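Biologist: I'm new to reading protein models. Please take me through a few features, one at a time.

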Amino acid sequence: FEDVSFAYRPGLPVVLKGISLDIKSQEKIGICGRTGAGKSTIMSALYRLNELSDGKIFIDGVDIGQIGLYDLRKKLSIIPQDPVLFRGTIRKNLDPFQEHPDELLWKSLVSGGAISAEEVEVVKGQKPDSIGSLSSMHKFHLDQKVEEEGANFSLGERQLLALTRALVRQSKILILDEATSSVDYETDNKIQSRIAAAFGDCTILCIAHRLKTILTYDRILVLEQGEIEEFDTPRSLYEKKDGIFRQMCIKSGINESDFE
C-alpha cells in the first residue's frame, strides 16, 4: 500500500487516510481496531469495490488499479463473516464454473475439515436413493443438495464450505473478514487451525473480531480512524503499556499467558 486513501464514493469523507504499509509474501497479518476504524475498508480497497481516492496498491509489483477486475478478483479469496451459498449442489458451490476436476474438490473438502480422508472413498460411492432423496448421503457429498442461501447447513458448516471454496480456488492471498465471529469458540478453533494448516504458503489478512485468533499471527495492524496507529508483532504490541492493542487485549481478558 502506497499512501492509499479510500472513500466509498466521490464526495464522501475518506475512510482510509494515507495508508502506507508493506506486507511480505506468506505473512499472516491480523487487522484490528475499534468500530469504524477502517478494518473492512482495507478489503474493499483490495477488491476495488470503489477506486482509490489517492495512492496505489501493488501485488507482486503489479498496480492493481491498472488491471481488469476479473483478473484481480480471481487471484483473491475471501471468507466473509456470513458466507454465501447458492441453491444447487455442493459441487456447484465449490466450483461454479466447472473449472476443476472432482478429485481436487474432494481433496479440498478433506483439507478444509468437512470430511475425513478415510471417509472419502466410501462417501464417493453413495448415490441418491430410488425416490431421489439425498438424506442418506454424507452431508458434504459433492452431489448433496444446497438449499437457498445454504439454509440446510449450520453457520459453522457454511464456513467450512467457504473455506473449502477458497482451497479450490488455490489463491495465494486469503482475506478473512471476521470469518469466525458468529460461531462458537470450538468451531472457531477448528476453522482457524484448518486455515493455518491449509494456507501455510499463502499471504493472509485477517480482520479480527476475536483478538485471540490473531495472537499467533506474524504481525498485527492496528487502525484508528482510518490511519495506522500500530503495526508490529503481537508480543511487541502487548508490551507497549499505553498502546491501543494492549488496551483491547485487557478488555478481552487476554493476558501474558495467552502469548506463550
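Biologist: Let's start with C202: is this residue buried or exposed?

Modeller: Go by relative accessible area: under 20% is buried, over 50% is exposed and anything in between is partly exposed, using a 1.4 Å probe and protein chains only. C202 comes out at 4%, so C202 is buried. Before we go on, this is a predicted model, so local features need pLDDT of at least 70 and side-chain atom pairs need 80 or more, while totals for chains, interfaces and linings use all residues. Residues are numbered from 1 along each chain as its sequence is written, and side-chain values use heavy atoms, with hydrogens and water left out.

Biologist: How many disulfides does the structure hold?

Modeller: You'd look for two cysteine sulfur atoms within 2.5 Å. The structure holds zero disulfides. For C202, the nearest cysteine sulfur belongs to C206, 14 Å away. For C32, the nearest one is that of C249, at 7.7 Å. C32 counts as buried because its relative accessibility is 0%.

Biologist: Next, rings. How many aromatic pairs does a search of the whole structure find?

Modeller: A pair of aromatic rings is described by how far apart the centres are and by the angle of the planes. Rings of Phe, Tyr and Trp (its six-membered ring) pair if their centres lie within 6.5 Å; planes under 30 degrees apart are stacked, over 60 edge-to-face, and the rest tilted. The search finds three pairs here. One of them is F140 with F153, a tilted pair at 6.0 Å between centres and 40° between planes. F140 sits in the loop between α5 and β9, and F153 in the loop between β9 and α6, 13 residues apart. By the way, those labels are DSSP runs numbered from the N terminus: helices are H or I with at least four residues, strands are E with at least two. F140 and F153 are both buried.

Biologist: And how are the rings of Y238 and F259 placed?

Modeller: Their centres are 4.7 Å apart and their planes meet at 35°, so this pair is tilted. Y238 belongs to helix α8, while F259 is in the segment after α9, 21 residues apart. Y238 is buried at 6% relative accessible area, and F259 is buried at 13%.

Biologist: Which charged end sits over the ring of F153?

Modeller: The rule is NZ of Lys or CZ of Arg within 6 Å of the ring centre and within 35 degrees of the ring normal. Over F153 you'll find the charged end of K139, 4.7 Å from the ring centre. Over the face of Y238 lies R246, at 4.7 Å from the ring centre.

Biologist: What about the largest nonpolar core: how many residues has it got?

Modeller: A nonpolar core is a set of buried Ala, Val, Leu, Ile, Met, Phe, Trp, Tyr and Cys residues joined through side-chain atoms within 4.5 Å. The largest has 30 residues, and F199 and F245 have the most contacts inside it. The largest share of this core, five residues, comes from α6. Beyond its neighbours within four places in sequence, F245 is in contact (heavy atoms within 4.5 Å) with residues including C32, Y238 and F259. A second, separate core has 24 residues, among them V4, L16, I29 and L46.

Biologist: Last one: what is phi of D60 near?

Modeller: Near 55°, a positive value in a residue other than glycine. D60 sits in the loop between β5 and β6 and is exposed, at 78%. D3 also has a positive phi, near 50°, but D3 is in strand β1 and counts as partly exposed at 41%.
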